[in-house]
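Work through the exercises below with the sequence and the model at hand. Each task is followed by a solution in steps.

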Amino acid sequence: MKNIVVLISGNGSNLQAIIDACEQQRINGAIRAVFSNKADAFGLERARDAGIPAHALAANQFASRDAFDRELIREIDAYAPDIVVLAGYMRILSPEFVAQYQGRLLNIHPSLLPKYPGLYTHRQVLENGDEEHGTSVHFVTDELDGGPVILQAKVPVFAGDDEDDVTARVQVQEHAIYPLVISWFVDGRLQMRDGQAWMDGHPLPPQGYAAE
């Protein structure tokens, strides 16, 4: 049984999908702890409701981002994680943090990377008139939203859509693919090697598994 630690900043809908997948044994692991940089994040309530230790760390208690991340590392490592999962965690990670969990640090980003790294992806899709949008699960590196892609899911964008419509459509896919990728990792099928994602002993293409 692999140890999973999840980092959140908000509602925690992806966290809930991972909790459910663990409870249904679709992931051969257990979430040992959930951490948030916001004490009022609803995801912490989701964790507590599932009997998972929930912790909040406030950035204003630390002199620097590096100091914050060092304390976060110390607290995460108390749970001996095999994998650290970012699920809507809205802080830029220090190089020290990324290095600590290199190769076992996953993120989900609401765009078809490399398009639209950073914030406000749904808004950019609508403003640019894109007909296709989606979400990407990737390994985390020092480059913002730039680590090797593992799996993507695409959704259509329809005329008349607003940000809420697009967000909801993307989240349905996120809740499906993130637990799946985590299960691949904990089952030993997925790894990062030489800056590239590998699945079942084979390197994945730039757009990840099952790319068209």
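**Exercise 1: the annotated domain**

Over residues 2-182, the chain is 36% helix and 24% strand, and the end C-alpha atoms lie 10 Å apart. The model is predicted: local features need pLDDT of at least 70, side-chain atom pairs count only at pLDDT 80 or more, and totals for chains, interfaces and linings use all residues. Residues are numbered from 1 along each chain as its sequence is written, and side-chain values use heavy atoms, with hydrogens and water left out.

Task: state which feature UniProt places at residues 2-182.

Solution. The unreviewed UniProt entry gives "domain: Formyl transferase N-terminal" for this range. Such annotations may be inferred rather than shown by experiment.

**Exercise 2: the annotated active site**

Task: locate H109 and decide whether H109 is buried or exposed.

Solution. Step 1: the unreviewed UniProt entry places the feature "active site" at H109. Step 2: H109 is found in strand β5, residues 105-109; strands are DSSP runs (E, at least two residues), numbered from the N terminus, and helices are runs of H or I with at least four. Step 3: H109 counts as buried because its relative accessible area is 5%, where buried means under 20% (1.4 Å probe, protein chains only). Step 4: leaving out residues up to four places away in sequence, H109 touches Y116, P117, G118, T121, T135, S136, H138 and D145; contact means heavy atoms within 4.5 Å.

Notes: Buried means under 20% relative accessible area, exposed over 50%, partly exposed in between (1.4 Å probe, protein chains only).
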